[in-house]
Every structure is written in structure tokens, then in C-alpha cells.
Amino acid sequence: MRKSGFFVALALSAAVATPVVAQMDVKDQIETRQSAFTFAGWNMGKIKAQAIDGDVAYNEQQILAAANAIAAVANSGLGALFGPGTAMDKNDNTDLKPEFFDKPDKAREVAIGFAQASNKLQEIAANGGDKAAIAAQFSEVGKSCKACHDEFRAE
Ligand code: HEC
């Protein structure tokens with residue numbers, strides 16, 4: 001678990017990222033990371049509806065599918081989509097603050113937080129998916145999203 005968080009964090013630090021595929025252009029990096037976060041948000045919404053709000057019946061299989069999807073995003077090497085020149089100082093179509101590139105330690109910290117929280121949610125979902133435990137860990141994942149948004153995403 002810690003290992004995957006570490007790799008996500010490493011990949012987030014653009015300076016040490018080793019491309020595993022041909023580098024995408026700036027526009028594609030921005031659009032792909034926005035899609036990834038939108039997809040993670042969609043899956044967070046499903047868990048919220050079932051485990052927090054209760055307006056959809058609780059279904060362990062659906063919770064597991066959503067947790068798997070969120071963990072997949074967190075462990076996908078998102079850092080490759082935060083290449084140089086992809087912040088809002090140079091592009092109109094992104095909310096990434098340029099400070100992202102000045103604070104690699106903070107970027108690493110929030111990336112590790114996201115990966116660890118998501119991996120734990122996935123683990124709970126895979127081990128029976130107790131509703132109260134899912135709800136508690138959902139909140140931790142939400143905090144990990146917010147920790148990064150507060151730092152690096154423009155209002
Ligand atoms: C490592 C930092 C980081 C983490 C962790 C993170 N986000 Fe984001 N998120 C961003 C940034 C940066 C943007 C703006 C991306 C852009 O516009 O290029 C963003 C944008 C978004 C968007 C808008 C996408 C769009 O189409 O513009 C949504 C929705 C979102 N995040 C949801 C989430 C959720 C839900 C989580 C947690 C499950 C999460 N994010 C975790 C940094 C993060």
C-alpha cells in the first residue's frame with residue numbers, strides 16, 4: 001500500500017518522472033487529468049449516496065466497484081499528467097495553480113495522502129464493506145481530495 005503511494009508521489013514530481021509512454025501534449029495532459037478527477041468524483045458520489053446520504057440502497061458490490069475505480073485513479077501514475085507548462089499561468093483551460101511546480105514536497109505529500117486513503121477504502125470494501133467503516137474512510141478520502149485542492153487547485 002505504502003509502496004504504491006510512494007510511486008504515485010514519485011510520478012507527481014515532474015523532475016523525476018520517467019515517462020512510460022510517449023509524453024502527451026499539454027492539452028491532452030490537462031484534459032486527461034480533468035477526466036480522471038471527474039471519474040473519481042463520480043465514484044465518490046456513488047459511495048456518498050449509499051453510505052452517507054442513504055438515498056440509494058447500500059450495495060457492497062457497487063461500493064467495491066466504486067472504491068476500486070477511485071484507487072485505480074490514485075495509483076495510475078497521475079503525475080505524468082502534471083508536466084511542465086500545464087498550469088493556469090500558461091493555459092486557459094485548467095485550474096492547476098503554478099505553485100504546484102514550486103512545491104514538490106507538498107505535491108508528494110498530498111499525492112501520498114490520496115493514494116493511502118484510497119487504498120484503505122478499497123481494502124475495507126474488499127473485506128466485507130461494513131457500512132460504518134466505509135463511511136468513515138470515505139470521509140478520509142474526501143479530506144485527501146480537499147488537501148490537494150486547497151493547495152493546488154484554483155477556486
Ligand atoms: C494531487 C492533487 C489532487 C488530488 C489528490 C485530487 N485532486 Fe481533484 N483536482 C486537482 C487539480 C489540480 C484539479 C484541476 C485540474 C485542471 O483543471 O487541470 C482538479 C480538478 C478536479 C475536478 C474538476 C475536473 C474538471 O473537469 O475540471 C474534480 C471533479 C475533482 N478534481 C475531484 C476530485 C476528487 C473527488 C478527488 C478525490 C477522490 C480529487 N479530485 C483528488 C488536484 C487533485
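**The core and the pairing of helices 2 and 3**

The largest nonpolar core in this predicted model has 30 residues, and those with the most contacts inside it are Ile47, Ile70, Leu78, Leu121 and Ile134. The elements giving two or more residues to this core are helix 2 (26–53), helix 3 (60–74), helix 4 (104–126) and helix 5 (131–152). By nonpolar core I mean a set of buried Ala, Val, Leu, Ile, Met, Phe, Trp, Tyr and Cys residues joined through side-chain atoms within 4.5 Å, where buried is under 20% relative accessible area with a 1.4 Å probe, protein chains only. Helices are DSSP runs of H or I, at least four residues long, and strands are runs of E, at least two, numbered from the N terminus.

As this is a predicted model, local features need pLDDT of at least 70 and side-chain atom pairs count only at pLDDT 80 or more, while totals for chains, interfaces and linings use all residues. Residues are numbered from 1 along each chain as its sequence is written, and side-chain values use heavy atoms, with hydrogens and water left out.

The chain comes to five helices and zero strands, and buried residues make up 37% of its 155 residues.

Turning to Ile70, and leaving aside neighbours within four places in sequence, this residue is in contact (heavy atoms within 4.5 Å) with Ala40, Asn43, Met44, Ile47, Phe114, Ser118, Leu121 and Val141.

Notes. Buried means under 20% relative accessible area, exposed over 50%, partly exposed in between (1.4 Å probe, protein chains only).
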